[in-house]
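Here's a structure to look through together. Where would you start reading it?

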Amino acid sequence: MAPRILYIDHEDMGRLTLGDFLRDAGFEVVLASTLEEALERIGPDAPGVVDVVVVDPHMPGLDAWDVLETLSGACGPLPMVILTWELGRLEGLMPVTPGQDSGWLFLAKPVWDMGLVQHAVQGVSGLSGTRRT
């Protein structure tokens, strides 16, 4: 079964383009344009609903780190691919080291090679013990 991805991005063009690409690559994709919409879509059973969260944490009116903390609290141990313009700043604020140990992977925007996102999702989804059955 292909991983189910929750992709959160407030920018319509990016969300729809990457969402279509990931669907074409064989993933199931749930789209959300706000943090609130994402939390509604996954509900309290996030690990049973999605396998990977892909997020641009820069939401209007919200601090990027608050977005990541809220998602971590709601989604538990789910792996995340974090797409951001401010890669260095966010990594410097992380309480854990991103990467294989945390299940978080950062990609700098703009992402010109969609295959890189596909590879990132495949990589982090293999790290999680929370795959849906």
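This is a predicted model: local features need pLDDT of at least 70, side-chain atom pairs count only at pLDDT 80 or more; totals for chains, interfaces and linings use all residues.

Q: How many helices and strands does the protein have?

A: Helices (H or I, at least four residues) and strands (E, at least two) are DSSP runs, numbered from the N terminus. Here that gives 6 helices and 5 strands, and along the sequence they run β-α-β-α-α-β-α-β-α-β-α.

Q: What share of the residues is buried?

A: Buried means under 20% relative accessible area, exposed over 50%, and partly exposed in between (1.4 Å probe, protein chains only). In this protein, 44% of the 133 residues are buried. Accessible areas come from the Shrake-Rupley method with a 1.4 Å probe, and for residues only the protein chains shown count as cover. The accessible surface of the protein is about 6,500 Å², with 54% of that belonging to carbon and sulfur atoms.

Q: And contacts: what part of them links residues 24 or more positions apart?

A: Contact means heavy atoms within 4.5 Å. Take the contacts with a separation of 6 or more: residues 24 or more positions apart account for 70% of them.

Q: Which residues of helix α2 are buried?

A: In α2 (residues 35–42), they are L35, A38 and I42. Looking down the axis of α2, the buried residues fall within an arc of 60 degrees, so they line one face of the helix; the arc is that of the directions from the helix axis to the C-beta atoms. Just after α2, G43 has a positive phi of about 60 degrees.

Q: What does A38 touch?

A: Setting aside neighbours within four places in sequence, A38 is in contact with L6, I8 and A32.

Q: Where are V67 and P57 found?

A: V67 is in helix α4, while P57 is in the loop between β3 (52–55) and α4 (64–75). Both are buried, V67 with a relative accessible area of 1% and P57 with 0%. Not counting residues up to four places away in sequence, V67 touches L35, V55, P57, M59 and L62. As for P57, its C-alpha is 7.0 Å from that of T84, 27 residues apart in sequence.

Q: At what angle do α1 and α6 pack?

A: Axes are lines fitted to C-alpha atoms, for helices over the stretch in contact, and angles run from 0 to 180 degrees between N-to-C directions. Helix α1 (residues 12–24) and helix α6 (residues 114–125) pack at about 65 degrees, with axes 10 Å apart. The contact is made by T17, L18, F21 and L22 of α1 with M114, G115, V117 and Q118 of α6.

Technical notes
Residues are numbered from 1 along each chain as its sequence is written. Side-chain values use heavy atoms; hydrogens and water are left out.
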